[in-house]
Every structure is written in structure tokens, then in C-alpha cells.
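This report describes a two-chain model through its secondary structure, its packing and the contact between its chains. The sequence and structure come first, and the description follows.

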Amino acid sequence: MTDYLSKSVLEINSLLKEKKIKPIDLVNEAFMKIEQNSYNAFITLNKEEAIKEAIELENIEIDNPLFGLPIAIKDNICTKDLKTTCASHMLENFVPIYDATVIKKIKECHMIIIGKTNMDEFAMGSTGETSYFPLAKNPWNSKKVPGGSSSGSAACVSARLCSLALGSDTGGSIRQPSSFCGLVGLKPTYGRVSRYGLIAFASSLDQIGPITNNVMDNALLLKAISGSDVNDLTSSDSEVTHFTRLIGEDVKGMKIAVPNYYMSDVIDLEVRDKVREVMKLLQEKGCIVEMIDIPYLEYAIPLYQTIALGEASSNLARFDGIKFGHITDSYDSIDQLYKKSRSEGFGDEVKRRIMIGSYVLSGDNANIYFKKALKVRHAIKDAMVSVFDKYDLIIGPTNTNVAYDFNVKSDDALKSFYDDLLTIPVNMAGLPGLSLPIGFNKSHLPIGMHIIGNYFKEDVIYKLASFVEKELDLNMDPRGGDLC
Amino acid sequence: MDKLSEKQVKHVANLARLDVSDEKMEHYRYQLADILTEIDKILSVDIKTDELLIAPTNNCNKYSADEVCDMLKKADIFKNANNVSDDYIVVPRVIDND
């Protein structure tokens, strides 16, 4: 079997331009690999359409680096005429009648959608285990969770079933699985990418972003999906720069902050040690690396529970069993129809979260909890943004630990929140953040480093990430190079 | 908070338009209490500002041009509806017989 999909975007692009391969070769390879072992990364495959598109592309001139490349899409991003389930029984048979803006952009680049990826139900979870469908597995060790909520997007890129995927990130759902699966995953600045057609979880936190095998691919895919959109008034008019422009530049003189909170003993020792090794490397290469305190970070979890779940309860109120989605078989009244359809359609994690969200928004609680949370959110944003008065970037671990076994603490309602301890503050402030693989623990499971930038400074994040990537020169292929 | 009462769980479930089965009731009594205890930490944050951050964007509101344009077609929208009759989506009656 061929293995073009483990190559970089630019390498594949050269092969296509030199006519050594055609888009159909890439599509065939993807589906052959998926048939061999899909790691349950996909909920719906788009095989027939993908093959048709690949053949049609043979008569079209290659006009961009992503031309003809297969891509996997998280199943909460609407794709016209292609089932979009949010990994929920509620939307098991839902077929969107329009494309999300990112999908339009992907199609304009002539990329080929090969399928919709598994995820935590409605993006609520940090392991992939709340999916209604068979659970996505971690290609590094199939007994371990791939992370979540973008579990399938991470699993398929890590297993080289596809070289590119889109995920979404509300509290860490791109960065966390990228860290667990040894990938580069970016949550862009809030507003950098249109959310039109992304099935909303928490609208003031959600962002779509790229998951890839390397930094350059990530920057190229971000360029393709960025930009303002009349259908999303929170999308930004900020210039969409060439995010690759600083890749390869020397990092000497860069000022980097490491929050003490991110290196506390809550974080696994091996993870902290690996981050310390990178800090040392950067100092040796002329960066100024300093430990700092950022106030309010310790309130990230209750802040998230109030704001994200409050917004979720409102967003998920639309699932009533009438206009679309699961409807119960028998009911006597409209109220019973709502309650039975929703109770049958949603899984436990979703139900728990919308109950809490409804509670914090109800009556006086809106003032007591939600308003106070918005004040704390303002304070945490100010505290994080002020770091960039003195520093170019913030770094630390992406996660508190590496990938762990399935079913660990599955009855613990707080666990999925605590997994996102270090990623949530970035969503609260709306800043861009990236997870970069920096090595392995003793069990050979990947460890991710978090790089956080100022608003719309994704190019600066990529500068440091590409430097560290080059210096470490890790083999992040879980197949151990057997198929390379 | 150790656990919520059954009445409290039923109250939040009703707010969310959900039923709670007897089998799940005990789970929810503990799990919801765990989360609400965590959320209570927000109340103790000592904070000086009165400013709220609703969303991290400085964008101003914009209005669409008042022009006739193609919108979604009714036939397309009905494709995902569960019960359709001619030009209508059917729902159970919401008024009493008397």
C-alpha cells in the first residue's frame, strides 16, 4: 500500500504538480487504510463523492498547496447532503441543507472531504467517550483514549488515514486530543475563523481549527479557513496574513512567559520535566524564559462550568424533536414530546451539562452566578492579555497528563472539566493556543506543549512551534515507521 | 453540598425539558451537587471590576442590506422534519379540548 498521506502538504503538492500522483491516489490510499483499521475515527464516510471529486480534479489546474488533499471534518460542522450527527442519537439521521463557511472554503481550495469524524457528543467531553457511536481509539495505544472532544479528527491524522482534519475547541477540544495523539492542533483567536455552520456548544468560546502532523501544514490549513464572514458577526475583519511567514526564523531574543500555575504539582512530573527541557533549550538558543504569576487561573473550571454550560443549555434548547432531530414514538402533549425526545436523544454527559446550564441561568441565579462569572471572565482576560505587554508568548503543558485508559473515572462528573484545566483560560480570553508534541513519557505516550499568543498572532505561535519542532526532530508516527 | 434532593433534581430537569428516570436519579443527585459545589467557588472570587466579558470580540453590530435574496427553500428545510403535512410541520395540539 502507498503511504503518501504521511508526507507533508508541500511534499504531496510537489508530487501532484510533477504529475507523479493524482488526487485519486490519495483518496484510494485513505479509504484502503480506513478499511484496514479506522480506529473508529469516522462516523460517516464520504467515499463515493470523494472518488468522484478526485477524478474531476484531474482536469483542473493546481492553484494552491492544499489542492486535491483529503481532509476529515469533525461531525459538528455542517456539510451539505452529508450526515452531521454531533456523535449524538439526537442527530443520528440529520443531513444539513447547507455548508458551513469553513466547508465552502475547503471546497474552494479543491480539498476532498473523506468523512465526518467521531467526537464527544455535542463536543462535551475530553476523551471521546461520550460519543453515541463506537469510540475512537488512540493510535499510540488502542487501550488509551485519544482525547476529546475532537477524538476522531485526532485519531485519523495520527494514524495517517488522512493528513489534515478540522476540529472545534470550546475548552480544549482541539489542543487536548492533539496532545494525547502527538499532533499539532491550533485553537485560533476567537473570530479568526467563521463559526457559521458549526453546531453551537458555547458560542462565545467555540472556534474551529486545524489538526495536522506538523506546524507548516497547520499554518497552511489555517490560512484556508480564516477570514471574516457576513454570516458570523463575531468573525473578525483582521487581515488574514500568511501564517507561514515567520516559520524558520531564529527565535533569539523572544520573550517567553511560563505561568507558575501551569507547572504546579497538579501536573504530572514527566510532563513538567519535558516542558522544562524545552524551556532550557529555548534559553540556550537565546530566548528569555521567565516564570510568572497570572491571577484567577485557578477559577477556570467553575468559570467554564457557569459560562459554557449556561450557553450550552440555551443553544441545545433548539433540539425539540420537531423541526429536526430525534422524535419520541409516543406522547400525549407537546411538553411530553419535548421531554421524551430530548431525554431519549441526549446522552448522560449532555443532559448533566444542560441541567446545570439551565440552573445557572434561571431566575435570580442569572445575577448570582452568570453575571459574576462574566466579571471573573473579564478579569482573567485582562490578566492574560497584560502578559503580552512584556512577553511574546506564554508556554506550558497542554494537559495535566498523557492519554489514559478508557473508563477511568467514567462516573466522575468533574473529571472531564479537570482535564481542561490548562486549556480553558485560553478560550475564556479568546486568545490563540496551539499544542505541539515535545516528546514521550516512559510508556511512549506523547506529551504536548501549549503555546499561547496574543490576539491574531498565530504567526508568532507558529514561529516558536516550528523552531521547537525542528530542534527536537521527533518521529511522531505511531506506526513506528513500519509503513513509511 | 453532598447531594441534591429528588425535588431539586426534578426542578433542574424540568428547566432543561428533560425527564429523569428513577434509575438515574441517585446518580444525578450526587453528580449535579458535585458540579454546583464547584461552581460556588465563583462566588468567592475577590474581584474589583464591574466590567463584564460576554464574548471576546470588539466587533460592532452590522446590518444586512435590505435586499431580496435567495433564502433556504421550504422543501429543503422539511427534509429533516419528522412530521410534515403539505406546507406545514405537524405538532401535537397545544390547546385543551374545552
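Helix α5(A) is followed by Arg160(A), whose phi is positive, near 60°. Helices (H or I, at least four residues) and strands (E, at least two) are DSSP runs, numbered from the N terminus. The model is a predicted one, in which local features need pLDDT of at least 70 and side-chain atom pairs count only at pLDDT 80 or more, while totals for chains, interfaces and linings use all residues. Residues are numbered from 1 along each chain as its sequence is written, and chains are lettered from A and ligands numbered from 1 in the order in which they are written.

In α5 (residues 151-158) of chain A, 8 of the 8 residues are buried, so the helix is largely enclosed by the rest of the structure; a residue is buried if 20 or more other C-beta atoms lie within 10 Å of its own, exposed if 12 or fewer, and partly exposed in between, with C-beta atoms placed from the backbone. The buried residues, among them Ser151(A), Cys156(A) and Ser158(A), pack against β1, β2 (70-74), β3, β4, α6 (175-181) and β6 of chain A. Contact here means that the C-beta atoms of two residues, placed from the backbone, lie within 7 Å.

Helix α7 (residues 215-225) of chain A has 11 of its 11 residues buried, so it too is largely enclosed by the rest of the structure. Asp217(A) and Lys223(A) are among the buried residues of α7(A), and the cover over them includes α1 (9-17), α4 (101-108), β4 (164-169), β5, β6 (207-212) and α15 of chain A. After α7(A) comes Gly227(A), with a positive phi near 130°.

## The sheet of chain A

An open sheet of 11 strands runs in the order β1-β3-β2-β4-β6-β5-β10-β11-β9-β7-β8 (chain A), with mixed pairing; two strands pair if DSSP finds at least two bridges between them. Because β1 (42-45) and β8 (288-292) of chain A stand at the edges with a single partner strand each, one side of each is left without a neighbour in the sheet. Neighbouring strands are turned by 30° against each other on average, direction ignored.

## The nonpolar core

The largest nonpolar core has 164 residues, and Ile451(A), Leu393(A) and Ala465(A) are among those with the most contacts inside it. Such a core is a set of buried Ala, Val, Leu, Ile, Met, Phe, Trp, Tyr and Cys residues joined through C-beta atoms within 7 Å. Not counting residues up to four places away in sequence, Ile451(A) touches residues including Leu393(A), Leu436(A), Ile461(A) and Ala465(A).

Chain B has 3 helices and 2 strands, which run α-α-α-β-β from the N terminus on. Its C-alpha trace spans about 55 × 45 × 30 Å along its principal axes, and buried residues make up 16% of its 98 residues.

The contact takes 54 residues from chain A and 42 residues from chain B. On the side of chain A that touches chain B, the elements giving two or more residues are α9 (300-315), α10 (334-345), α11 (348-361) and α12 (365-387), and the largest share, 11 residues, comes from α12(A).

Conventions:
Axes fitted to C-alpha atoms, helices over the stretch in contact; angles between N-to-C directions.
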